[in-house]
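The structure comes below, followed by the computed description.

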Amino acid sequence: MIETTAKVQAFLRQSPVPFFSNGAWVTGGSGKSMAVENPADKSPLAIIAEAVASDAEQAIEAAHTAFQSWQHTTPAERAALLRKLADLCERDAEELSQLEALDVGKPVENARGFDVPFGIECLRYFADLCEQEKFETPLTLAGMKQAHTVRLPYGVVGFIFPWNFPLTLCQWGIAPALAAGNTVVVKPSEVTPLSTLYLAKLAEEAGFPAGVINVLPGEGPEVGTVFTRHPKVRFVSFTGSSRVGRLIGEACGANLKPVKLELGGKGASIICDDANISAAAAGLAGAITLNTGQVCCTATRWIVHESVASEFIEKVKVELDKVLIKAGMNEDSQMGPLVSERQLNTVNGYIQQGQEQGAEVVYGGKNVSDAERSGYYVSPTLLMGSEENICFREEIFGPVAYITTFKDDADALRQVNSLDYGLANSVWTGNNDRAIAIAKKMVSGNSWVNAHNVFAYGLPYGACSASGMGGGVNSRETMLDYTRNLSIAEPEEE
């Protein structure tokens, strides 16, 4: 078990940890607070100040005031601040990694190897894009003396983030919005607010003007609802479940407010008869154990050609046997606990319902508990059965995969596209033409070949159907999503 750094210890000792609004650290008008728990052993991590609706309204007013000058900063000025923030995240990479491991329960090596460096890369990527982008485009049109389009920031953008990748998702959201010239008000999950609050600390040190970045942990119905109804919030971005996304979409629609929804998924992987079975088994075992399966785009439906199903399952079992399930602050941990007791109960409930509906437990299916693992641990689980089973049809958000078989590619595609989700799928085959043909027919925002969970800056990542709307992340288009279009034209004189 690694020791927390002095900076982490000092940060967690605050009682309560304040939130960041209008360039100041405050405890809110209500005086309310919330406890943050370590899912590895159920011990208290910190007490944080809880924001309420009045705090959200004050932060929005501050962000609106800050926007009046922030919108006129040059791309170079905004890029310089984003790069400074990236440098500070790099300096405090160990602190951010430890806070993520403690708060979410994920292995610290995963945070060190992906969450933190990928977030730093995000800040620098959008800093570069900001400087490269031509926010004004001249048009040559018949009958026009002059014409051009201008891309302008909306104003205050309200972000509501979930608990599974709190730091990375926050950086994915606010970096393009800030680069485009907006100000931001962020509601991190009340379950995992620590790394986002620490990021605000670094943003203050980087020199972002007061009100440009605001971070307010609080309950969704209390704080998030303010974002959807407040007239000075011009754009809302929500990452989370499809159920809550529908409610937020309805509220934003009622107020004619543009909204970006990055929602849940029920990713499918097709394992063809000509696939490298060993590689597929290793890749998909890694997919369901990554972040303890709490990944919206992960592969949770494994649709395997009937001729290789037995071989594939046996090889996956071998891979899962190797997974070290430990607290995230153990450097050799490969899978930590689920984030909370509520999530453990949800996952266990699905496994039980799946069995009641006829699914066979092929592997796992039990909680993990001993002297060193007293938190919310569950083993990786493989279920097998019919397509009608609840575990085939609904998002579980844990290390659980559901296996079906197929006879031909048409049957496999029918199974993939039988649900309303449309986030991310993959196909495993040794035939490139077959891979592309299948990938194009899967109804989703992302179709990956011989891999799952593929991310790179410049590669758009978005969704369709019940998995979301309004664009994606990781590309130039993401930054432009946070701008509105203005056309300016002057006709030729008669």
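Lys317 and Glu314 form a salt bridge through their side chains, with an N to O distance of 3.4 Å; a salt bridge here is a side-chain nitrogen of Lys or Arg within 4 Å of a carboxyl oxygen of Asp or Glu. The two residues are about one helical turn apart, because three places separate Lys317 and Glu314 in helix H11 (residues 309-321). Helices (H or I, at least four residues) and strands (E, at least two) are DSSP runs, numbered from the N terminus. Lys317 is partly exposed at 22% relative accessibility, and Glu314 is partly exposed with a relative accessible area of 46%. On this scale, buried means under 20% relative accessible area, exposed over 50%, and partly exposed in between (1.4 Å probe, protein chains only).

The model is predicted: local features need pLDDT of at least 70, side-chain atom pairs count only at pLDDT 80 or more, and totals for chains, interfaces and linings use all residues. Residues are numbered from 1 along each chain as its sequence is written, and side-chain values use heavy atoms, with hydrogens and water left out.

**Salt bridges**

The whole structure contains 29 salt bridges.

| Pair | N to O distance | Relative accessibility |
|---|---|---|
| Lys317 and Glu314 | 3.4 Å | Lys317 22%, Glu314 46% |
| Glu109 and Arg112 | 2.4 Å | Glu109 36%, Arg112 24% |
| Glu490 and Lys145 | 3.8 Å | Glu490 30%, Lys145 52% |

Glu109 and Arg112 lie three residues apart in helix H5, so about one helical turn separates them. Elsewhere, salt bridges link Lys7, Arg91, Asp92 and Glu205 in a network.

**Nonpolar cores**

A nonpolar core is a set of buried Ala, Val, Leu, Ile, Met, Phe, Trp, Tyr and Cys residues joined through side-chain atoms within 4.5 Å. The largest such core has 99 residues, and those with the most contacts inside it are Leu12, Leu85, Phe159, Leu178, Leu194 and Phe208. Helix H5 (residues 108-132) is the greatest contributor to this core, giving 11 residues. A second, separate core has 23 residues, including Ala299, Tyr363, Leu382 and Trp428. In soluble globular proteins, nonpolar side chains tend to be buried together.

Contact means heavy atoms within 4.5 Å. When residues up to four places away in sequence are not counted, Leu178 touches Trp70, Arg78, Leu82, Val184, Phe208, Val212 and Ile213.

**Cavity and pocket**

The space search uses a 1 Å grid over the protein atoms alone: a cavity is a set of points where a 1.4 Å probe fits but cannot get out, a pocket is an open set with protein on both sides within 12 Å along at least five of seven lines, and lining residues have an atom within 4 Å of a point. Grid points are joined across faces, edges and corners, and a volume is the space filled by probe spheres set on the points.

The structure has one cavity of 30 Å³ or more. The largest cavity holds about 40 Å³ of space, and its lining residues include Gly265, Lys266, Cys296, Glu395 and Phe397. By class, this lining has four nonpolar, five polar and two charged residues. Ala, Val, Leu, Ile, Met, Phe, Trp, Tyr, Cys and Pro count as nonpolar, Asp, Glu, Lys and Arg as charged, and the others, Gly among them, as polar.

The second largest pocket holds about 230 Å³. Among its lining residues are His72, Arg78, Phe135, Arg151 and Ala180. Helix H3 (75-91) and strand S6 (144-153) each supply at least two lining residues, and S6 gives the most, with four. The lining of this pocket comprises six nonpolar, three polar and three charged residues.

**Two buried residues**

Ala412 is in helix H14 (residues 409-416) and is buried, with a relative accessible area of 0%. Leaving aside neighbours within four places in sequence, Ala412 is in contact with Ile270, Ile303 and Phe406. Ala412 and Ile303 are 109 residues apart in sequence, with 6.6 Å between their C-alpha atoms.

Gly462 sits in the loop between strand S18 (446-449) and strand S19 (468-469) and is buried at a relative accessible area of 13%. With neighbours within four places in sequence left aside, the contacts of Gly462 are Glu262, Leu423, Gly445, Asn446, Gly471 and Gly472.
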